[in-house]
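Hi everyone, thanks for coming. I'd like to walk you through a structure today, so please have a look at the screen.

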Amino acid sequence: MGKPLASSVGVCSICGKPLNAKGDCLACLLRTGLEETVVEPKPAVLVFGDFEVEQHADGSCWELGHGAIGVTYLAADKVLRRRVALKVIEVPPAARCSPAVRDRFLRAARGTTSRSRPNVAAV
């Protein structure tokens, strides 16, 4: 009697799945490829119109300060290509169309423009 005929499709010695034409186990390749590739999620970038909030090395937003009506961030003005201080107003969703909130914001903006000091940015 002769030798038994070799099977045209081999099986993986690790998982028992069929091998491809090159003799590789796709299931094991995918599994080990996923284990070796660790993808760190990229921190979300805050973007407000043409302004993108800068981030520290750890991915946290670069906060310059916060006050009664919002937070001020270090940001990049993508149109003028310069760094700016960006104040983001914290307004509850129900009050976003409120004339009182709008007036409060405009008072704060006008107050900032009327000051001329070395540590106050121009608006």
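This is a predicted model: local features need pLDDT of at least 70, side-chain atom pairs count only at pLDDT 80 or more; totals for chains, interfaces and linings use all residues.

As you know, side chains of opposite charge can pair when their charged atoms come close.

Let's take lysine 78 and glutamate 52. Their side chains meet in a salt bridge, with 4.0 Å from N to O. Lysine 78 sits in the loop between strand S4, residues 70–77, and strand S5, residues 82–89, while glutamate 52 belongs to strand S2, residues 51–53, so this pair ties together parts that are 26 residues apart in sequence.

Glutamate 54 forms a salt bridge with arginine 83, and the closest N and O atoms are 3.7 Å apart. Here, too, distant parts of the chain are linked: glutamate 54 is in the loop between S2 and strand S3, residues 63–66, and arginine 83 is in strand S5, 29 residues apart. Glutamate 54 has a relative accessible area of 22%, so it counts as partly exposed. Arginine 83 reaches 53%, and because the cut-off for exposed is over 50%, arginine 83 counts as exposed.

Finally, the strands. S3 and S4 run antiparallel and are joined by three bridges. Between S3 and S4 there is a hairpin through three residues. If you want a spot to look at, find glycine 65, which stands opposite threonine 72 in S4.

Thanks, everyone!

Terms used. Residues are numbered from 1 along each chain as its sequence is written. Side-chain values use heavy atoms; hydrogens and water are left out. Helices (H or I, at least four residues) and strands (E, at least two) are DSSP runs, numbered from the N terminus. Buried means under 20% relative accessible area, exposed over 50%, partly exposed in between (1.4 Å probe, protein chains only). Two strands pair if DSSP finds at least two bridges between them.
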